[in-house]
Amino acid sequence: MRNSENVATLRVEELLKTWGEELQIELIAGRKGLSREIYSDRIQKPGLKLLDPDLKLEEGTIQILGKTEIAYFERLKGGEKESVTKSLSFQNVPCFIISKELEPDEALKASCNRRDIPLFTTKLYTGKLISLLQEILEVRLAPFATVHGVLMDIHRLGVLILGKSGIGKSECALDLINRGSKLISDDIVEIRKVGISKLVGNGPERIKHLMEVRGVGIINIKDLFGTTSVMDKREIDMVIELVQWDPGTEYDRLGIETGSYSILGVQLPHLVIPVSPGRNTATIIEVAARNQLLKMSGVHSPRSFDT
């Protein structure tokens, strides 16, 4: 159940494989460098920095070469061109992308091949290219954590269900799917912090739409219940933790106090629900989700009762 927090990086190879078509990028040099890593969500366009004899580009940052940079290259002659080419190829950058389908200088291509720096071209204009790359990197490189639990969409509320192994999280999720809720991930939830306070969860690709039900085995929720029963990702709005009923524990009976659960520094509303034979946990979770939606709209029944 405990979170494991990770530092995200992205290999150039994954960028090409996953978003290559969207970015319309074509590899023209430096194939051996596809294992280079991107670890900055910024995009750099060198511009006038190319004039600097002590050129220093941002490490781990994708470099865009547009009309300005390519035109500058074309004007260089002899030793000057060789010097700038050498300086570029010794930068610790993951890759270069040339926009607007501009033709790169042969010396730059040869240098990228020698130094194993991937060099791409794309038909996209520079502004569009940068905008798409920023959207991709902001999500892909966002701080993330891995949590053991189940993420559901219940009445358009993202609910992360936690609890010890065997307490019935998956069975409860199955009940909720039967009532119209959607599964995002069962067992393992990858959570990314997007912006200051938004957490977005999804499941690892290898277990997408799958669920383990004891006594039945692995089932595919999408195949069994249809495409409307699953979602690829969802913002998380609250955390519900299932615990074994303990007669010696005094559980909250009024709901006046609101607990919180911290993931990646973001505080989420947190409810602890005791599980025991005869209690319909799925119904209780569904009611808790509805109640949270009411609170978010400004209606807080326990406080009205208290006054």
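A search of the whole structure finds eleven salt bridges, a salt bridge being a side-chain nitrogen of Lys or Arg within 4 Å of a carboxyl oxygen of Asp or Glu. The model is a predicted one, in which local features need pLDDT of at least 70 and side-chain atom pairs count only at pLDDT 80 or more, while totals for chains, interfaces and linings use all residues. Residues are numbered from 1 along each chain as its sequence is written, and side-chain values use heavy atoms, with hydrogens and water left out.

**Salt bridges**

- Helices are DSSP runs of H or I with at least four residues, strands are runs of E with at least two, and both are numbered from the N terminus.
- Glu14 is partly exposed at 29% relative accessible area, whereas Arg140, at 16%, counts as buried; buried means under 20% relative accessible area, exposed over 50%, and partly exposed in between, with a 1.4 Å probe and protein chains only.
- Within helix 4 (residues 106-115), Glu106 and Lys109 are three residues apart and therefore separated by about one helical turn; their side chains meet in a salt bridge at 3.6 Å, N to O, and Glu106 counts as exposed at 53% relative accessibility.
- Glu190 forms a salt bridge with Arg192 at 3.9 Å between the closest N and O atoms, and salt bridges that share partners join Asp153, Arg234 and Asp237 into one network.

**Helix 8**

- The 16 residues of helix 8 (residues 281-296) should span 22 Å at 1.5 Å a residue, and the end C-alpha atoms are 22 Å apart, which agrees; the expected span is 1.5 Å times one less than the number of residues.
- The buried residues of helix 8 are Thr281, Ala282, Ile285, Glu286, Ala288, Ala289 and Gln292, and they lie on the same side of the helix because they cover an arc of only 155° around the axis, the arc being that of the directions from the helix axis to the C-beta atoms.
- These buried residues pack against several elements, including strand 9 (144-154) and helix 6 (169-178), where contact means heavy atoms within 4.5 Å.
- Helix 8 is followed by Gly298, whose phi is positive, near 100°.

**Cysteines**

- The structure holds zero disulfides, a disulfide being a pair of cysteine sulfur atoms within 2.5 Å; for Cys112, the nearest cysteine sulfur, that of Cys95, is 9.7 Å away.
- Cys112 counts as buried at 0% relative accessibility, and Cys172 counts as buried at 5%.
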